[in-house]
Amino acid sequence: QVQLVESGGGLVQPGGSLRLSCAASGTLYSILVMGWYRQAPGKQRELVAGITSGGSTNYADSVKGRFTISRDNAKNTVYLQLNSLKPEDTAVYYCNARTVVSLGRQYDYWGQGTQVTVSS
C-alpha cells in the first residue's frame, strides 16, 4: 500500500509560479516511477511530468521549459515547480506512483488532487 498526499495548489496570476508537493508513505520500495498528472474541466487526465528512482525525467510538450519535477529521497517527497503559468494550466493536479506488487504486476496509486487556477 502506498499513500500520496498533495499540497501547494492555489490561485495565481498568469506568469506566476507555484510549487506542488507530494508526500509518499507506505511500501515505498515498490515504487517504480512517480509523476504528476492534471485534469482540466471537460478534458481527460494527462501526464505532465514523471521521474524515476534514478532521477530520469520526462515532460509533456506543453510544459517543457516551464515546469520542473524533482524529488527529495530523504523526505520521500516529489515536487513540481510550475513557472510562467498560463490560464490553460488551470486543472486539478494529481500525484501518481506506479508500483510493482508481485511477479512484475504493476498498480497505480493516486493522491487526492490539488487545484491550480491561473487567472487575472
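Reader: Which residue in β11 is the bridge partner of Val92?

Author: Gln115 is the bridge partner of Val92 in this predicted model.

Reader: What makes β9 and β11 a strand pair?

Author: Strand β9 (residues 91–102) and β11 are joined by 3 bridges and run antiparallel. Two strands pair if DSSP finds at least two bridges between them, so 3 bridges meet the cut-off.

Reader: How do you know that β2 pairs with β11, and in which sense do they run?

Author: Strand β2 (residues 10–12) has 3 bridges to β11. At least two are required, so β2 and β11 count as a pair. The two strands run parallel. Within β11, Val118 is the bridge partner of Val12.

Reader: Which residues of β11 lie on its covered face, and which on its uncovered one?

Author: In strand β11 (residues 114–118), Thr114, Val116 and Val118 form the covered face. Gln115 and Thr117 make up the uncovered face. In a regular strand the side chains alternate between the two faces of the sheet.

Reader: Why are β1 and β7 called edge strands?

Author: The open sheet has 4 strands in the order β1-β3-β8-β7, with antiparallel pairing. β1 (2–7) and β7 (67–72) each pair on one side only, and they are the edge strands. From one strand to the next, the twist averages 15°.

Reader: What makes β1 and β3 a pair?

Author: β1 and strand β3 (residues 18–26) share 6 bridges in the antiparallel sense. The cut-off is at least two, so they are a pair. In β3, Ser21 is the bridge partner of Ser7.

Technical notes
Residues are numbered from 1 along each chain as its sequence is written. This is a predicted model: local features need pLDDT of at least 70, side-chain atom pairs count only at pLDDT 80 or more; totals for chains, interfaces and linings use all residues. Side-chain values use heavy atoms; hydrogens and water are left out. Axes are lines fitted to C-alpha atoms, for helices over the stretch in contact, and angles run from 0 to 180 degrees between N-to-C directions. Buried means under 20% relative accessible area, exposed over 50%, partly exposed in between (1.4 Å probe, protein chains only).
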